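Subject: Model handover and findings

Hello,

Please find the model below. My notes on it follow, with the cut-offs given where each term first comes up.

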Amino acid sequence: MPSYAIILVIIGYLSLLFAVGIWADRKSKSKWVHNPWVYALSLAVYCSAWTYYGSVGIAATSGVSFLTTYLGPVIALPLWIIIMKRVVLISKQYQVSSIADFISLRYGNNRSIGAIVTVICVVAVLPYIALQLKAVSETFDILSDGVKSTSILTDSTFYIAVLLAVFVALFGTQTSDASRRRSGLVFTVAVESVLKLVFFLIIGIYVIFYLFNGTTDIYNQISALDGFEELATFTNIESSINWYFMIALSFFAIFLLPRQFQVSVVENTSTSHLKKASWVFPLYLLLFNVFVIFIAWAGKLLLSSDLNPDYYTLYIPLQQGHQLLGLMVFLGGLSSVISMVVVSALALSTMISNNLIIPYGFIKLLNKSNPEDNAQRIKNVRRVSIFILIIGAYFFYVNFNIELSLFSIGLIAFVIIAQLAPAFFIGLFWNRGSAIAAKMGILAGSIVTFYTLAIPFLNEVFIDGSTFVSEGPAGIALLKPYQLFGIDFMPPVTHAFFWSMVFNLMFYLIFSVVFKGNYRERNYAELVVNASSYGELEENAFVWRGEAYVAEIKKALVRFLGEKRTARALDIFYRKYELNPQEEKADARLVNFSEKLLTGSIGAASAKLMISSVVKEQPVTLPEVLKILEENKETISANKQLQQQSHDLKRLSDRLKDANLALVEKDRQKDEFLDTVAHELKTPTASIRATSEILADDDDMPKELKQKFLNNIVNDADRLAVLITNILDLEKLSSGRDIMDKKQHLLKDTLVKAVDGIYQLALQKGVHIEIETVENVSLIYDEDRILQVFTNLLSNSLKFVPENTGTIKIQTQQYGDEIVMSFEDNGKGIPQEDMQYIFEKFYQSNNQNIKKPIGSGMGLAISRHIMENHNGTLTVDEEFQNGARFIVALKTGGL
Amino acid sequence: MKKLLIVDDEPNIVMSLEYAFQKQGYNVFIARDGSEALVIMEREIPDLVVLDIMMPQVDGYETIEIIKKNPAFAKAKIIFLSAKSKAADIEKGLSLGADLYFTKPFSVKKLIAAVDNLIRI
Amino acid sequence: MKKRHQQKLVILSIGLILFLNIPIIFIFNSDASVLGIPVLYAYVFFVWLVSVIITYTVINRYA
């Protein structure tokens with residue numbers, strides 16, 4: 001395929017990525033961009049060209065060991081939530097923007113640790129980036145008919161490298177706050193993760209099912225070859241020890257590689273995303289790995305043995321004449337390179353600016369300038385770093401023209417990065433791990449790594465025929481770099497890893513217990529180790545004593561954030577802690593808050609330097625720090641308790657209020673009832689008194705009129721008697737002192753009697769009465785009382801139904817041992833708000849308390865009491881819409 | 001002949017009062033509640049109204065408020081005759097503009113004397 | 001997530017270390033094959049898949 005065509009495809013592909021990145025940046029809040037799948041897939045930045053091409057190379061030459069790179073993460077991912085949640089929470093709270101920032105924060109915002117970590121990362125990752133570029137360049141050459149370019153100006157890899165640098169600078173350095181998320185960049189990484197996996201799976205399926213007849217076919221052919229055993233099994237115990245250490249190495253790498261920390265912590269938008277990642281990512285790796293062996297074996301079977309096994313994935317389709325498939329493989333490889341280079345360059349450039357350049361020197365310059373210039377300067381520092389890194393990696397590749405395979409350079413990077421492991425992992429869980437110990441451990445480990453890996457390598461490259469490696473320095477056999485202290489059964493990388501870890505770990509542990517850290521680093525250690533319990537302390541988790549002026553701190557903040565952002569941030573801060581913004585002296589919380597604010601822009605160490613230059617700090621002793629932290633914690637939990645208590649109190653007082661309202665309402669009803677009773681008693685009494693007075697004084701009254709007046713007196717006296725009986729009834733029934741005369745009766749007879757009683761009235765009002773009843777239901781009850789209930793319900797209905805169209809319907813049904821009767825009318829119904837009161841003794845509907853009430857308001861209360869005394873019920877159907885419906889229920893068992 | 005309007009929903013009381021006042025020489029009109037009373041007043045303009053308070057539809061309070069608003073009824077005297085006997089009730093009745101307040105049960109003789117006193121002289 | 005369910009994940013991780021290393025892995029150190037996949041690979045892939053399934057289950061049920 002001609003190179004210009006490939007270049008066109010590459011440019012097209014890169015433009016597509018740019019477009020996707022810009023789109024995702026704009027849509028950073030949408031569910032497509034902000035979602036757990038994007039997070040899980042972005043972790044697959046782990047799969048670089050090393051995975052895409054290198055695994056096949058290893059599988060074809062030395063067998064199972066390629067799996068170790070992935071088994072470390074597989075073991076690590078179940079722990080993801082537990083470990084990373086803590087790291088992410090702390091990082092978010094303290095605006096951490098890189099692994100260097102995180103480790104330096106843990107050890108008290110220690111400037112030199114941040115710098116050391118940065119140097120380690122650059123040393124490890126730069127050759128690693130070079131390797132990625134090498135892969136692009138070599139695959140490009142393979143694809144473009146093998147014509148090698150000779151000068152930089154004609155080398156397409158150089159331009160690809162420049163384009164990548166532009167890409168990172170564009171999407172990675174939009175703001176000076178490096179802890180801000182870059183959704184566009186992360187989204188493109190996730191998209192590329194999908195592409196590289198899909199392309200790899202396609203080529204795998206193509207090899208297995210198109211070129212061969214399934215997996216068994218390949219297996220049968222390859223197992224017939226010599227040396228197959230080495231590819232499919234462990235041939236000796238040593239190789240299995242190697243296996244063990246390699247897994248440990250990749251376990252560390254998944255947490256510590258700068259690009260992994262970038263995507264898994266800095267770019268994390270929600271801790272809930274960690275959940276999905278912990279099963280999606282291992283599954284992703286599994287899919288990537290199942291086809292590796294078959295592609296490797298197919299390469300061995302199909303291709304000539306002088307081709308580089310690293311690129312079997314690409315050679316196979318090309319050899320078969322499938323150019324487009326080859327192009328697809330190339331793009332998949334390019335994807336894995338791009339995401340690795342982009343994220344690594346971003347992470348490293350942030351570290352270089354925040355942990356190396358700014359804290360060592362640049363800060364003085366920044367201190368004197370205005371915010372716009374500073375933001376621009378910080379961004380420029382990062383952009384320049386990005387270009388230097390990527391172009392530097394390019395020249396590294398060109399000049400060293402590394403003979404080592406992709407796989408071994410990757411492993412060396414892993415070993416160097418692994419030097420951060422004790423300081424990182426133990427520091428997360430052990431509060432005594434101190435800054436000096438972390439520094440010592442990392443340095444010791446790095447020196448050992450340098451001696452056991454880099455020196456022999458450089459020796460071979462630059463000094464021909466040196467005996468340094470084979471016989472040891474000055475012939476001391478114990479110091480042979482590949483067989484330190486006589487351990488001669490490990491391959492160089494494992495050997496270096498083992499010894500560097502021994503020194504690193506021992507230095508870290510011993511220095512930690514021998515030399516006590518200062519109060520400042522202990523404060524941060526407590527923060528990180530107890531993140532779950534101190535997390536909620538926020539600014540209170542920081543112990544600080546000294547003198548500081550708000551104005552000074554503000555000036556420092558404005559220099560980096562600008563007036564607007566500073567004002568906004570401080571406003572939030574003052575409101576959160578309910579502080580007076582006019583206060584001149586700053587307290588510990590403001591000092592800590594300001595450090596956090598600055599950390600995103602200039603890194604943890606510089607932020608500490610910046611703030612401490614404007615405040616006068618007084619040392620606090622360690623026990624004091626711990627005491628204050630404990631006190632703050634207690635204050636907060638006491639506050640929580642208080643809040644809980646006041647909440648409970650409020651609920652209680654609400655309940656009391658309700659009860660009181662109910663009582664007042666009851667009182668009001670009772671008053672009204674008494675008024676009503678008084679009115680009802682006084683009215684006939686008044687009538688009797690007036691009439692008898694007239695009769696007594698008037699002798700010449702006509703006889704008929706006299707008779708009429710006397711009848712009136714009799715009627716009023718009867719009314720009085722009924723009223724008095726009612727009141728007494730109610731009193732007796734509700735206090736249970738009534739004696740029932742219970743006998744066997746036919747329910748139907750009683751009902752007919754009740755209807756007969758009101759029949760005349762119904763006829764006058766033109767009300768229609770329907771009865772549906774169950775024949776021959778015989779029950780034990782006090783007939784007079786039940787009759788009273790029925791009559792009461794019927795006369796109530798009669799009062800409320802309209803004239804001439806009124807209907808009253810009585811239905812009886814038997815359910816098991818229960819007789820249920822419904823009395824239903826088409827009257828005006830019961831107002832919803834009265835439903836719960838109608839059976840109360842003193843009930844008078846609200847809307848008739850001034851108007852003269854219809855009835856005494858005691859009928860329903862009396863009826864319900866009667867039903868209860870018969871072990872039955874009287875209820876109202878609250879759902880009934882067309883009028884009122886009362887339900888009477890009686891047990892056939894009686895009593 | 002002076003005109004007298006009796007407003008009450010209790011037929012027995014109305015019947016007794018109607019007889020007693022007619023015998024005293026008043027022209028007596030009867031209404032069973034406020035709305036009926038107002039209809040009669042438009043027509044007759046009584047000199048005095050005996051007014052119950054607790055009545056269906058328009059009660060005594062509403063009735064007196066309407067009467068007091070209408071200048072045509074300015075000369076009509078009003079006596080409340082009610083079973084409501086609490087001090088607050090009486091105060092309310094008088095504050096609405098009633099001339100007298102009688103509580104039930106009442107003495108017919110005293111009521112006649114009061115009516116005479118208000119409109120005979 | 002409760003401590004107890006977190007501990008399930010920690011135990012899974014410890015289990016993976018044990019099952020993917022010597023001496024257990026030596027049980028499957030043979031050049032025979034299952035469906036064309038050498039036993040050693042088949043075993044590693046199987047453990048891998050089981051770990052994904054367990055993580056998925058624990059996380060979706062308890063987290």
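The confidence score used here is pLDDT, the predictor's confidence in each residue, from 0 to 100. Chain A averages a pLDDT of 81, and 88% of the residues score at least 70. This is a predicted model, in which local features need pLDDT of at least 70 and side-chain atom pairs count only at pLDDT 80 or more, while totals for chains, interfaces and linings use all residues. Residues are numbered from 1 along each chain as its sequence is written, and chains are lettered from A and ligands numbered from 1 in the order in which they are written.

Confidence along chain A

Helices (H or I, at least four residues) and strands (E, at least two) are DSSP runs, numbered from the N terminus. Over residues 844–854 of chain A, pLDDT stays under 50. For that stretch the model has 22 contacts beyond four places in sequence, a contact being two residues whose C-beta atoms, placed from the backbone, lie within 7 Å.

The sheet in chain A

Five strands of chain A form an open sheet with mixed pairing, in the order β4-β6-β7-β9-β8; two strands pair if DSSP finds at least two bridges between them. At the edges are β4 (768–772) and β8 (873–876) of chain A, each pairing on one side only. From one strand to the next, the twist averages 15°. Axes are lines fitted to C-alpha atoms, for helices over the stretch in contact, and angles run from 0 to 180 degrees between N-to-C directions. Helix α31 (residues 747–765) of chain A packs on the sheet, where it touches β4, β6 (807–815) and β7 of chain A, and its direction makes about 175° with that of β4(A). Strands β7 (residues 818–825) and β9 (residues 885–891) of chain A pair in the antiparallel sense over seven bridges. Met821(A) has Val888(A) in β9(A) as its bridge partner.

Cores

A residue is buried if 20 or more other C-beta atoms lie within 10 Å of its own, exposed if 12 or fewer, and partly exposed in between, with C-beta atoms placed from the backbone. A nonpolar core is a set of buried Ala, Val, Leu, Ile, Met, Phe, Trp, Tyr and Cys residues joined through C-beta atoms within 7 Å. The largest such core has 221 residues, of which Leu256(A), Ile295(A), Ile390(A), Val415(A), Ile417(A) and Leu420(A) touch the most other members. Helix α17 (residues 323–368) of chain A gives the largest share of this core, 20 residues. A second, separate core of 42 residues includes Ile713(A), Val49(B), Ala98(B) and Val115(B).

Chains B and C against chain A

The contact between chains B and A takes 20 residues from chain B and 18 residues from chain A. On the chain B side, α1(B) provides the largest share, seven residues. By class, that side has 12 nonpolar (Ala, Val, Leu, Ile, Met, Phe, Trp, Tyr, Cys and Pro), three polar (the others, Gly among them) and five charged (Asp, Glu, Lys and Arg) residues.

Chain C has two helices and two strands, running α-β-β-α from the N terminus on. Of its 63 residues, 29% are buried. Its contact with chain A takes 31 residues from chain C and 32 residues from chain A. The largest share of the chain C side, 11 residues, comes from α2(C). That side has 21 nonpolar, nine polar and one charged residues.

Regards
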